[in-house]
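Here is a briefing on one protein model. The points below are grouped by topic.

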Amino acid sequence: MSIPKSQAAQIIQPGHFEADKHWYPKALNATIHPMVNFFLNLDQERILRRYCHIHPKVSYDSLRTILNYQPQQFRWAGADLIHVTTEKGNRKMVVIETNSCPSGQKSMPLTDDFQEQGGYRLLMEKTFAPLLKRGKVKGGLAVVYDKNPMEASGYAAAMADVMQEKVYYVAFPKDDPDPSVRFVDAQMEVRDEAGNWQPIRAAFRYLTQRPWDRLPIYSKTKILNPSIACLAGGRNKMVAAKAYDIYNSEIADSGLNILTPETIWDVSKNEIPLWVRKLGGQAVIKVPYSNAGQGVYTIVSQKELDDFMKLEFEYDQFIVQSLIGNYNWSSTSKLGKLYHVGTLPNAKGQSFVADLRVMVQATADGIRPLCVYARRAALPLAQELIDGTDSWGMLGTNLSIKREDGGWDSDTNRLILMDRRDFNKLGIGLDDLIEAYIQTTLSMIAIDKMASTLLNSKGRMRTKLFESLNNDSQLLNQILH
């Protein structure tokens, strides 16, 4: 669905939540898998006891402190993880990226048939509403979005019900010549249907494409999540990799660490072939600031590398990661060879790469899991590479499809629900779900700590520090201007 430009804010009143508008049809009537429901309702103490029993070198006290962490900037997150194994059969959940504006509610079966707003309402009640207590300015509430109106409108309707007041729901696409959102003296204002500008005291934003070119770093309006969370790693894979590395050093004595593919950052384009060669000829190249599967290139052959090197890019810096494929054609990294466990074989004996999206929220009771779903690749995972292999078709799992008109569609045929039918295809169990949740929490905290470090005591960005972490002139120009 394309996002209209220069459209005035719509008003969403309490009592206007309609489930069929905010879920995919296949998810709306799905019955959640009992194991997933059990996981989402596990109390913190049972998770702690189970995880530390399975991982006896992990400090119970350290993990409890981590799960009770209260983020200051990054209060709602989703991580994409893949289920991998080593040649010795040691399975792990590896973080591919962390998202500061994650989708997922429209794909999540209800955990309770009598709570018809599902995770939409939980996020508004447990995470957004407490944020308003910190605000000092007066005004209304808003949801601003540039993508995924199915979920954005669901959050707006749930917000109206939870707060029992009207909510301004407004499109805010990038490159809009006359947007209906602006900032005056650091406070957000939205334009209503009469053409009047309304002050906003708090906003939920679903801006996925370079949100820093529309949202200022400093804002008197409380925003979930603020743009600094994006720059610190939620929409910036370069800084995210550094945030993970720094936080792993902090928690090294706890027995915990964020598991990621081997990552080389601050790579200029002409250096990329050297790093691909070092990783054994297979690698993943990422434009650090893209999302929705855009700007990610899997390389398994010289042709794919040559095709990549012919492309032109807006930004100057890239990251290169070890590629996780099949055992016979994965990168050789510091952790050895990791390869996809994949889905259970279908009737044709085919397994597919699948990732798991875990969404978490900051609550008064600590960081809690909110939503889970999975996606599979379009093509089955091959045992051996042959000439002309489409590596992205085998390894890319993102469902978003960008149309020529700039709008977005989703390939829901590859969506794997957490229902009684689909979940079993993943071949994962309760301990894998707990592991994925803890990895997501660790990555969220790493980025939140980085975000807080990048702000001074007045809430302004420490530009020189950010430049030292992410010395990309094109990105810096966008932020500063």
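A residue counts as buried when its relative accessible area is under 20%. The model is predicted. By that cut-off, strand β5 (residues 167-171) is mostly covered, with five of its five residues buried.

- Val167, Tyr169 and Ala171 point one way from β5. Tyr168 and Val170 point the other way, and these residues too are buried.
- In a regular strand, side chains alternate between the two faces of the sheet.
- Strand β1 (residues 10-12) pairs with β5 in the antiparallel sense, over three bridges. Tyr168 in β5 is the bridge partner of Ile11.
- Strand β4 (residues 140-145) runs parallel to β5, and five bridges join the two. Val170 in β5 has Val144 standing opposite.
- A right-handed β-α-β unit is made by β4, helix α6 (residues 149-163) and β5.

**Ser227 in helix α7**

- Ser227 lies in helix α7 (residues 227-234).
- Is Ser227 buried or exposed? Its relative accessible area is 1%, so Ser227 is buried.
- Beyond its neighbours within four places in sequence, Ser227 is in contact with Trp212, Leu215, Pro216 and Ile217.

**Aromatic pairs and cluster**

- A pair of aromatic rings is described by the distance of the centres and the angle of the planes.
- The structure holds 17 aromatic pairs. One of them joins Phe17 and Trp23 in an edge-to-face arrangement, 6.1 Å centre to centre with 70° between the planes.
- Phe17 has 15% relative accessibility and therefore counts as buried. Trp23 counts as buried because its relative accessibility is 4%.
- Phe308 and Phe313 form a tilted pair, with 5.2 Å between centres and 35° between the planes.
- Phe308 is buried, at 2% relative accessibility. Phe313, at 24%, counts as partly exposed.
- One aromatic cluster is formed by Phe17, Trp23, Trp76, Tyr120, Tyr155, Phe204 and Tyr206.

**Arginines over rings**

- Which ring does Arg214 lie over? Arg214 lies over the face of Phe172, at 5.8 Å from the ring centre.
- The charged end of Arg376 sits over the ring of Phe352, at 4.4 Å from its centre.

How values were computed: Residues are numbered from 1 along each chain as its sequence is written. This is a predicted model: local features need pLDDT of at least 70, side-chain atom pairs count only at pLDDT 80 or more; totals for chains, interfaces and linings use all residues. Side-chain values use heavy atoms; hydrogens and water are left out. Buried means under 20% relative accessible area, exposed over 50%, partly exposed in between (1.4 Å probe, protein chains only). Helices (H or I, at least four residues) and strands (E, at least two) are DSSP runs, numbered from the N terminus. Two strands pair if DSSP finds at least two bridges between them. A crossover is right-handed if, with the strands pointing away from the viewer, the path from the first strand over the helix to the second runs clockwise. Contact means heavy atoms within 4.5 Å. Rings of Phe, Tyr and Trp (its six-membered ring) pair if their centres lie within 6.5 Å; planes under 30 degrees apart count as stacked, over 60 as edge-to-face and the rest as tilted. A charge sits over a ring if NZ of Lys or CZ of Arg is within 6 Å of the ring centre and within 35 degrees of the ring normal.
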